[in-house]
Amino acid sequence: MLIIDNAQVAQLLTMQECIDAQEAAFARLPHGGAVHRPRVDLYAPGPADGYFRWGSMEGANDGVFAIRMKSDVVSWPRDEHGNWTEEKYAVRPGTYCGLVMLVSTRTAEPLAFLNDGVLQHMRVAGGAAIGAKYLSREDSEVVGMLGSGGMARAYLEAFCLVRPIRRCRVYSPTRRNREQYATEMAERLGIEVVAVDSPQEAVAGCDVLSSCTDAMQPVYQADWIEPGVHVTNLGRREMPDVGDRFDVVVRQGTAGLPMRQTERYQVERGMSPGAFIGGSAAEMARIPATNRNPGFGGDSPEFTDRGRGGGAPDIAAVMAGEVPGRTSAAQVTFYRNVGNQGLQFSAVGQVVYRKALEAGVGHEIPTEWFLQDIRD
């Protein structure tokens with residue numbers, strides 16, 4: 001067994017490898033060469049203002065199974081304007097617990113534990129880049145970025161690998177954060193990155209529009225989107241009511257299990273696509289319901305994984321040529337960058353594991369610690 005930490009993941013994995021591994025895994029889905037189980041969360045009462053949340057997702061392809069596990073204390077504070085955000089930590093604010101366990105599907109041998117932080121940013125950004133590769137205009141040069149955190153950094157790096165990006169306009173509410181993002185990313189990527197003073201300035205004139213925030217309410221307006229733009233996202237709640245603004249809609253894959261909603265199993269609570277929830281009625285009321293609207297979210301058959309005979313097509317169908325993607329330069333395309341999460345960790349995690357073996361990187365622990373001679 002290997003234990004591979006975030007610093008080692010960052011040392012071993014390139015964004016191009018991350019994109020390539022996911023694209024290959026998605027291509028195996030239609031034929032059963034890859035499989036995944038969507039994310040399901042479990043909530044149990046925690047601190048007075050929040051909840052304990054355990055989240056997991058699974059996937060397997062090319063001989064490796066992965067389960068990604070997260071342990072968080074979560075809360076949903078409001079700012080002075082009444083807007084929600086989701087805050088989380090493990091043990092204390094500023095530290096987090098997320099692990100990816102890899103197992104061989106050929107021998108059932110446990111292979112590795114990986115910290116999920118760097119891997120999480122890279123696999124999500126890599127997925128967004130696959131959407132941009134197949135749906136944005138080939139001459140896309142300008143990115144409008146809403147958000148200036150780690151995900152926004154990874155997204156911009158990934159976009160630059162699939163399109164000839166020359167400029168990015170970034171907006172986030174804190175001036176210092178967006179200016180720091182602009183300075184850092186311009187130096188890292190060798191492109192022009194400009195911090196702007198409003199979300200509308202970031203959106204105007206862009207070819208690729210990406211929201212990368214933890215907001216639980218829309219961060220831009222649908223009528224700002226211009227013809228020909230490719231749109232992607234991080235979470236549902238940062239998206240506005242888009243109505244019929246999108247000409248082409250493609251989802252990455254299945255995000256939530258099609259289960260019957262009950263008192264204890266609820267769809268789209270907090271930031272969870274589906275969750276089993278413990279606690280009293282008063283405790284459960286702490287968890288905000290989804291910001292649903294008729295143009296985007298779980299109720300819309302255009303976007304759901306289960307609407308209108310399966311809803312929007314997934315990227316594997318576009319990659320295989322089974323359904324068209326963009327067919328004209330003027331179309332507005334949207335890539336719903338959720339789904340296939342467990343498969344993403346299998347695809348990208350095994351790249352890290354194999355490179356760690358080759359480089360002699362990682363902390364070794366005895367595999368025998370995870371084996372037993374008692375059959376369950």
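In the predicted model, Asp 207 and Arg 137 form a salt bridge, with 2.7 Å between the closest N and O atoms. Asp 207 lies in the loop between α6 (199–203) and β11 (208–211) and Arg 137 in the loop between α3 and β8 (142–146), so the contact ties together parts that are 70 residues apart in sequence. Both Asp 207 and Arg 137 are buried.

A salt bridge also joins Arg 166 to Glu 141, the closest N and O atoms being 3.7 Å apart. This pair links distant parts of the chain, 25 residues apart: Arg 166 is in the loop between α4 (150–162) and β9 (167–171), and Glu 141 is in the loop between α3 and β8. Arg 166 is exposed, at 58% relative accessible area, whereas Glu 141 is partly exposed, at 29%.

Arg 37 belongs to strand β2 (residues 34–45) and Glu 58 to strand β3, 21 residues apart.

Helix α3 (residues 117–135) reaches 28 Å from its first C-alpha to its last, and 14 of its 19 residues are buried. Strand β13 (residues 248–251) is covered on both faces, with Val 248 and Val 250 buried on one side and Val 249 and Arg 251 on the other. Strands β13 and β16 (residues 333–336) pair in the parallel sense over four bridges, and Phe 334 is the bridge partner of Val 249.

Notes: Residues numbered from 1 in each chain as written. Predicted model: local features only at pLDDT ≥ 70, side-chain atom pairs only at ≥ 80, totals over all residues. Heavy atoms only, no water. Helix = DSSP H or I, 4+ residues; strand = E, 2+ residues; numbered from the N terminus. Expected span 1.5 Å × (residues − 1). Buried < 20%, exposed > 50% of the residue type's maximum accessible area, 1.4 Å probe, protein only. Pairing = 2+ DSSP bridges. Salt bridge = Lys/Arg side-chain N within 4 Å of Asp/Glu carboxyl O.
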